[in-house]
Amino acid sequence: MLRETPADVHGRNIAGGALLLLGIVGLLGYAKPPISLDPKWLVTIEIIFLFLGVSILYPPARQYLTPLVDLVITLLTGRRLPLRGPEGPGIDPPALNPKSGITALPRPQVDGGLGPQAAEVPRQPLAAVGGAAVAAEGRAPVAHAAAVPLNGEFHVPDWSVPTYSLDARFNIQCWNPAFEMVFGTVPTLLEGSHVSEWCQHLRNYDKILDRARRVFGNGIPLADVEDLEFASREFGLMNFTKLSSAVTKPGTMECVRWNVALNVNKVERSKEFEERLRRTLEDQVCWTAMAPVYDELLPKFGEYVRLADLHLSAARGCQSVLELGAGTGYLTSKLLNGNRRVCAVDFNDAMLERLRDNCGNRATLTVKKQDIRYLRGFMPGKFDAVLMMNVAFSVEDTQALFDRVATLLPKGGVLAFSVPREGSDLDTLFAALQRDLEDKKLWEGRYEQFQNLRQHNERMRTGNSLRTFTAEQLRHMLGKANFETIDETVAYAGQGLFVSARKG
Ligand SMILES: C[S@@+](CC[C@H](N)C(=O)[O-])C[C@H]1O[C@@H](n2cnc3c(N)ncnc32)[C@H](O)[C@@H]1O
């Protein structure tokens with residue numbers, strides 16, 4: 001670096017002093033401005049003079065340029081920007097109001113009757129529930145290990161503790177099923193969105209903001225612990241201890257990402273919470289286990305291929321397709337071959353990993369990990385068709401699913417899906433699968449996979465998560481969701497119903 005000569009220092013002092021003086025004189029004249037200009041422009045110009053003066057006289061002050069630029073933009077446009085610490089990354093954004101100073105964003109409405117006392121949720125049993133999912137790999141659900149590298153990308157594994165991961169600029173990158181289960185109803189929970197978008201839906205948001213300004217305002221800590229409160233529609237008032245730790249570039253203190261775990265301290269409706277968490281984890285374990293079996297067996301099953309063809313023909317002429325519960329991507333790859341833009345959604349990492357492998361890296365494919373009960377972040381009317389092959393059975397509130405799907409389609413948009421038919425039985429379906437594999441000389445060596453798939457289906461049926469439907473029930477629900485031109489066909493070895501409809 002070039003060293004400054006005494007003459008340089010002298011020149012710098014004169015320039016800085018002059019600018020500072022201009023800023024101060026300007027501020028003094030603020031009450032009676034010599035020129036008529038909108039006050040917010042006057043303040044902005046003053047801030048620029050003052051900052052230039054100070055940063056010329058005292059160069060380290062330049063690190064505050066980014067937050068200052070944010071402040072100026074907010075002053076001029078009224079747009080809320082993340083408040084940044086001197087090192088850059090954004091933290092919870094206050095809505096900066098030029099007149100009244102800093103004010104909090106309006107709190108979103110949350111429904112659900114929240115009583116005053118929340119029941120204690122013992123931590124041990126929760127960890128034990130999660131243990132089933134993680135013990136095999138011997139990892140504990142601690143904050144620092146929340147995101148693990150997998151195929152060159154970071155994933156949040158299926159811990160029982162709600163866990164998420166942020167990039168260095170505090171944008172949410174991924175979260176685990178327990179987090180999705182608790183916060184899935186928050187519409188601003190989106191990949192790539194600033195964490196403050198989600199924070200706004202927390203009950204103690206004002207406190208979080210105040211604290212963030214104090215703790216993060218003058219430099220970024222390497223770890224952070226704080227209390228969070230959330231008013232959940234399903235589980236009532238919830239209280240967490242947030243444990244976040246920075247992940248640094250090896251050999252440096254440069255923060256490249258954040259891992260955050262939410263220890264669950266109190267839940268108002270704790271029994272519902274525990275039961276839902278247990279089911280969520282169990283479902284994920286099963287879908288994870290089944291991913292290779294689906295991939296290996298079903299594309300060889302003629303009835304399955306014919307069912308996929310029915311979905312494909314329903315999407316004929318559609319350029320942009322949303323596929324929900326896309327699994328390992330058999331239908332997805334067929335849709336992509338037809339030169340369509342496809343957005344494939346599934347909530348299971350193992351399924352999505354296979355989907356990515358099976359479909360390859362294509363510009364026309366978007367993959368989203370999300371629970372289809374919430375469907376956040378999709379633009380209304382953006383897709384020509386929504387397809388749900390063998391997945392709607394797993395969603396408790398089918399009407400709500402159809403209602404939500406309807407909002408994503410334009411008038412005339414196509415919905416096509418398949419579900420188990422009322423009175424259907426697994427024996428017939430699996431007998432057809434076995435016969436087909438035998439006829440194709442593919443049965444040998446596949447007995448174990450076949451049995452595993454069958455057990456998985458039986459488990460879902462006895463757990464009431466393999467819902468069956470009559471054509472009348474489906475017509476009724478679709479009509480309520482504003483679908484018309486409804487057609488149904490018996491399919492899948494006579495055990496399923498394939499339905500197509502158009503948005504009215
Ligand atoms: C029976 S498989 C069908 C997969 C694919 N549609 C096919 O036919 O090959 C159901 C898929 O839906 C996914 N799934 C189940 N419930 C879901 C939910 N609530 N949200 C997102 N995905 C879900 C599972 O992970 C699984 O991949």
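**Ligand shell, cores and local backbone of the predicted model**

The shell around the ligand comprises 11 nonpolar, 5 polar and 3 charged residues. Here Ala, Val, Leu, Ile, Met, Phe, Trp, Tyr, Cys and Pro count as nonpolar, Asp, Glu, Lys and Arg as charged, and the others, Gly among them, as polar. Of the 19 residues around the ligand, the nearest are Gly325, Gly327, Phe347, Asn348 and Ile372. A residue is near a molecule if its C-beta atom, placed from the backbone, lies within 6 Å of it.

The model is predicted: local features need pLDDT of at least 70, side-chain atom pairs count only at pLDDT 80 or more, and totals for chains, interfaces and linings use all residues. Residues are numbered from 1 along each chain as its sequence is written. The chain has an average pLDDT (the predictor's confidence in each residue, from 0 to 100) of 80, and 75% of the residues reach at least 70. Over residues 79–147, pLDDT remains under 50. For this segment the model has 158 contacts (C-beta atoms, placed from the backbone, within 7 Å) beyond four places in sequence. Where pLDDT is low, the predicted coordinates should not be read in detail.

The largest nonpolar core contains 67 residues. Such a core is a set of buried Ala, Val, Leu, Ile, Met, Phe, Trp, Tyr and Cys residues joined through C-beta atoms within 7 Å. A residue is buried if 20 or more other C-beta atoms lie within 10 Å of its own, exposed if 12 or fewer, and partly exposed in between. Ala385, Val386 and Leu387 have the most contacts inside this core. Beyond four places in sequence, Ala385 contacts Ala314, Ala315, Cys318, Val321, Gly413, Val414 and Ala416. Another core, of 39 residues, lies apart from it and includes Ile172, Trp175, Leu237 and Phe240.

Helix α12 (residues 398–408) buries Leu401, Phe402, Val405, Ala406 and Leu408. Helices (H or I, at least four residues) and strands (E, at least two) are DSSP runs, numbered from the N terminus.

Most residues other than glycine have a negative phi. Asn339 has a positive phi, near 60 degrees. Asn339 sits in the loop between α10 (330–337) and β14 (341–346). It is exposed, with 8 other C-beta atoms within 10 Å. Thr485, in strand β18 (residues 483–491), has a positive phi of about 45 degrees. Thr485 also counts as exposed, with 12 C-beta neighbours inside 10 Å.

Note on methods:
Contact = placed C-beta atoms within 7 Å.
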